[in-house]
Number of protein chains: 2
Amino acid sequence: MLIGAKRGVEMDKPVERAPVAAATRDARRRLPPGERRQQIVDGAVAFFAEVGLEGNTRDLARRLGVTQSLIFRYFATKDDLIEAVYEQVYLERLSPDWPDRLTDRTTPLRDRLLDFYTQYSALIFQSEWMRIFMFSGLAGAALNRRYLQQLSGVLLKPLLAEVADAATRGPTPTMEDIWNLHGGIVYIGIRQHIYGMPCPDDPSEAIERAIDRFLCAFGVA
Amino acid sequence: MLIGAKRGVEMDKPVERAPVAAATRDARRRLPPGERRQQIVDGAVAFFAEVGLEGNTRDLARRLGVTQSLIFRYFATKDDLIEAVYEQVYLERLSPDWPDRLTDRTTPLRDRLLDFYTQYSALIFQSEWMRIFMFSGLAGAALNRRYLQQLSGVLLKPLLAEVADAATRGPTPTMEDIWNLHGGIVYIGIRQHIYGMPCPDDPSEAIERAIDRFLCAFGVA
DNA sequence: ATTTTTATAGATCAATCGATCAACAAGAAT
DNA sequence: ATTCTTGTTGATCGATTGATCTATAAAAAT
């Protein structure tokens, strides 16, 4: 639906131009394979995030300023390209030091939660991540479940232990309680990037209040 | 991806059969237009919920046990069919008596919240609704935003007023706080039907605890 | 300069898509 | 039984899709 208008490929008049160092601009000719591949993946991430994983390769190529056949030089099949998009988007999304900092009891639990969700929300509250995560989830992608299982095991489960340890009143916290805290925060990004609803430009205040309510119910400072 | 296997249309041997009253089974021939249209819409809801709004009309027709061309007898275009799917799914999803019951201060706020979210979750925690809502949201459908705006104006905003009135401590509740409560609950359905994650078969306990935590933070009984 | 390598473009294929149309047949009317 | 209406089918069109192939030209090697 209303993807970019048809535009000429404008390959005439090879205007003289000083050689660019990074070579990310000047989407013209004969890039070293590594760069070209990365350029295609980056473009594909943005493109598929907008129009969905069923967006066609011709529109993607046009947006890249490149022929459609070139894409298939670097990826044997469209599914391979999508797989590369998944890897690019999912890779290293869970910072390896979060588990440690989340369980570091030398700092108050509230601060740990605040730090974690401030950083995590800054990382995932982006159109590309949010939408590709949702598209791939709906498509039943294995990477999606793997990500959530890892999130659960590496971050949320330790988090539950921390909350349980710090709790001074209320019911024994369960995994569902943690998911509820998590979901309520993530839902801000869903409202913004999936539903296109107006949202606070800075979600940190809403996040802080959600965390405080959560801890309050368990009698944590 | 792995939609039903190719199967013959099995229209030979018109096995004698007693005329069925409801006529929902025996997807064979010459249904009155109203019934056939409804059958197509019902099938389309289930079909598009599974494979997405870009599922093709031939697979849908095959699933209905009907020719593809027949679909276009009842819907001039595929977009018209999708529009009918939207109407079918979105129609009357917000019960008209909820606003009144949600603001009926003769019953405790906790009971009202519990009643509302018990019924609401039972209504929307279904694959068809959840997935079509997400598909249409990603597609940028206008109906999607309209629904959320109505939800916000008719239910969540009054709810905010109720919470603000009942609050005895904590910060002044904001709309973002209500969205957080709502999102945390809805996220259960997202985990289940969009991400395909294991979830409690009965979410009412998780919902109850979420509501209690929310009210607790504002000092409501 | 000349040759060699290969990244890229352009043309094109086969499959699939939404959509159309004429012919058929089920069921009501007579 | 015959006619008439119209719900339904099967064949097919034109556009679009992912994917392939060959010719070209940019850049490295000589």
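Q: What classes of residue make up the surface near DNA strand D?
A: This is a predicted model. In it, the surface near DNA strand D has nine charged, eight polar and seven nonpolar residues.

Q: Which residues are the closest to DNA strand D?
A: A:Asn56, A:Lys78, B:Arg36, B:Thr67 and B:Arg73 are the closest, out of 24 residues that surround DNA strand D.

Q: And which elements supply at least two residues of that surface?
A: From chain A, helix 2 (57–64) and helix 3; from chain B, helix 1 (33–51) and helix 3. Helix 3 of chain B gives the most to the surface near DNA strand D, with four residues.

Q: What does B:Tyr74 do there, in terms of atoms?
A: An N or O atom in the side chain of B:Tyr74 is 2.7 Å from a phosphate oxygen of DNA strand D. B:Arg30 also has a phosphate oxygen of DNA strand D at 2.8 Å, but from a backbone N or O atom.

Q: Which base atom of DNA strand D does A:Arg30 have by its side chain?
A: A base nitrogen, 3.0 Å from an N or O atom in the side chain of A:Arg30.

Q: How much of what DNA strand D shows the protein is sugar or phosphate?
A: Of its atoms within 4 Å of the protein, 57% belong to sugar or phosphate, and the rest to bases. For DNA strand C the sugar or phosphate part is 60%.

Q: OK, DNA strand C then. How many residues surround it?
A: 25 residues, and the closest are A:Thr67, A:Arg73, A:Tyr74, B:Asn56 and B:Lys78. By class, the surface near DNA strand C has nine charged, eight polar and eight nonpolar residues.

Q: Switching to the protein chains. What area is buried between chain A and chain B?
A: About 3,900 Å², with carbon and sulfur atoms giving 61% of that. In chain A, the residues that lose the most area to chain B are A:Leu138, A:Tyr195 and A:Arg213, together 20% of what that side buries. As for residues in contact, 45 of chain A meet 44 of chain B.

Q: How many salt bridges between chain A and chain B?
A: Six. One joins B:Asp177 and A:Arg213, with the closest N and O atoms 2.7 Å apart. There are also 16 residue pairs in polar contact across the interface of chain A and chain B.

Q: Which helices of chain A give two or more residues to that side?
A: Helix 7 (127–138), helix 8 (142–166), helix 9 (175–194) and helix 10 (204–217). Helix 9 of chain A supplies the largest share, 14 residues. By class, the side of chain A that touches chain B has 26 nonpolar, ten polar and nine charged residues.

Conventions. Residues numbered from 1 in each chain as written. Chains lettered and ligands numbered in written order. Predicted model: local features only at pLDDT ≥ 70, side-chain atom pairs only at ≥ 80, totals over all residues. Heavy atoms only, no water. Near = heavy atom within 4 Å. Nonpolar A, V, L, I, M, F, W, Y, C, P; charged D, E, K, R; others polar. Contact = heavy atoms within 4.5 Å. Buried area = accessible area lost by both parts, 1.4 Å probe. Salt bridge = Lys/Arg side-chain N within 4 Å of Asp/Glu carboxyl O. Polar contact = N/O pair within 3.5 Å; in protein donor to acceptor, adjacent residues only side chain to side chain.
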